[in-house]
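Welcome, and thanks for opening your viewer. Keep the selection panel handy, and we will walk through a few stops together.

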Amino acid sequence: MRTSGILMPIFSLPSPYGIGTFGKSAFDFVDFLKAGRQSYWQILPLNPTSFGDSPYQSFSSYAGNPYFIDLDILVKNGLLKADEVKSIDFGKGYDRVDYEKQYTGRYPLLKLAFSRFKPDDQYNLFVSENRQWLDDYALFMAIKQANDGSAWYDWCENLKSRDSAALQKAQNDYADDIAFHKFLQFEFNRQWVSLKEYANKNGVKIIGDIPIYVALDSADVWANTRQFQLDDTYTPKAVAGVPPDAFSADGQLWGNPLYDWQYMKSTDYAWWKGYLGHALKRYDTVRIDHFRAFEAYFAIPYGDTDAKGGKWVKGPNTDLFDALKQEFGSDLPIIAEDLGIITDDVRKMLKLTGFPGMKVLQFAFDGDSKNAYLPHNLNKNCVMYTGTHDNDTIMGWLSTADAATIKQAKSYLNYNSDSGFNWAMIKAALSSVADTCILTMADLMGAGSEGRINTPSTLGDNWQWRIRSECLNDWLANILKENTVLYGRTDK
């Protein structure tokens, strides 16, 4: 069946507390999607953000972001009082997230809520069922806090190397902090499950997003150093990134540690089975970022200041997915982010997995009628996007792309000024043969570059865009519904 959905980060939702949460506005957004006859809500990673505020660089690939815990729900459940919440400064504006104020204002409230929390059977079950990652994560965060936030590879040797006696002492010394972090994950999960169940009940499935790599300073690496290409001092031998291209003369130096794929294969990919298995429980469909690196990944010498000195190294290819399909079933609900430098070998790998790849309409207008992103060149087994979280909005792109690109786009779309250019692009995406089409909330609203979520290789202004509650209105939902019905992307 032809379907469509909306890309909308949780942090971008309206709320009076400086950032989107799992509260009322999230449920309102589900209602908006239902009214617009949408089948999917695509979100960005739900993991805790660290320095730089990127959800793709987290202290844990399993844990949830405490910023998304709704404070009104905590008030309703008797863990906070309304006047306590109202006394905190979360930032004056409603259009951007102020992460510093989130950190300084929200955590004291969450600790106050924790002080009133009484563990029950539901909590004990959550802790027991998630022990495989939760124990290490809570201990990691407690030790990090005790060490002024320093990275685990800068801790004292016995904690860095996970000496059993040192870990036991830390568990005793930081028992309250460990319990606090477990409480945060329990509350995050409880609220998330409630929201997801509501979405599913209303015919909306969640597309989650998982990074292919994890951060070096993470509980993932600290607790599983053998899975990564590290030397005896826990220093990466090489790190991840992408080579120079038309967008960046120096390439992109991400700095994530690379997997030791040979060792992972010897364990039948147990680490990846845990990672993907957790995501499959949390989401209905999983988008895997930077999918091409499973065929070959770009390895940059550790210590380099740019990506120019990197080289391509062969990855596990379909061997990994054969193991994952054996574990979880052959019909894995995965979307492969296959953007960037794509070779015939990558295309072959993707075809063998059977996963749908991604097509981005903004990349289609280079003057080549055989461009793989043009709607007439698509195959059904793909997901068509107007743009991604790394793209400018349609209207922002319209104001910055070169004249030849825009001229071709307008000609291809048969665009006239009677309707907005964003809707010309949206209609082209919806009308394509792609089985699934994902639009962005910013493009639906016709937002300019102020609605951009992320600009790769930059710091400071990313992951902050938010909408106001009045943006989720019946007028826009009806327009969305009309076009979704027109192009046969709903049977509702």
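Predicted model: local features only at pLDDT ≥ 70, side-chain atom pairs only at ≥ 80, totals over all residues.

Residues are numbered from 1 along each chain as its sequence is written, and side-chain values use heavy atoms, with hydrogens and water left out.

**Stop 1: two helices**

Select residues 24–35 (helix H1) and 175–201 (helix H9), whose axes come within 10 Å and cross at roughly 15°. Axes here are lines fitted to C-alpha atoms, for helices over the stretch in contact, and angles run from 0 to 180 degrees between N-to-C directions. Helices (H or I, at least four residues) and strands (E, at least two) are DSSP runs, numbered from the N terminus.

Now show side chains: Ala 26, Phe 27, Val 30 and Asp 31 of H1 meet Ser 194, Leu 195, Tyr 198 and Ala 199 of H9, contact meaning heavy atoms within 4.5 Å.

**Stop 2: the sheet**

Next, colour the open sheet of eight strands, ordered E9-E6-E3-E2-E1-E12-E11-E10 with parallel pairing; two strands pair if DSSP finds at least two bridges between them. At its edges sit strand E9 (334–336) and strand E10 (357–360), each pairing on one side only. Neighbouring strands are turned by 25° against each other on average, direction ignored.

Zoom in on E1 (residues 3–7) and E2 (residues 40–42), parallel strands joined by three bridges. Gly 5 stands opposite Tyr 40 in E2. Bring H1 back into view: this helix lies across E1 and E2, running at about 135° to E2.

**Stop 3: H16 and H17**

Select residues 403–413 (helix H16) together with H17: they pack at an angle of about 60°, with axes 10 Å apart. That makes H16 oblique to H17. Ala 409, Lys 410 and Leu 413 of H16 touch Phe 421, Ala 424, Met 425 and Ala 428 of H17.

**Last stop: Asn 422**

Asn 422 lies in H17 (residues 421–431). Is Asn 422 buried or exposed? At 7% relative accessibility, Asn 422 counts as buried (under 20% relative accessible area; exposed is over 50%, partly exposed in between, with a 1.4 Å probe and protein chains only). Leaving aside neighbours within four places in sequence, Asn 422 contacts Ile 394, Met 395, Asp 443, Leu 444, Met 445 and Gly 446.

Terms used. Parallel < 35°, antiparallel > 145°, perpendicular 65-115°, else oblique.
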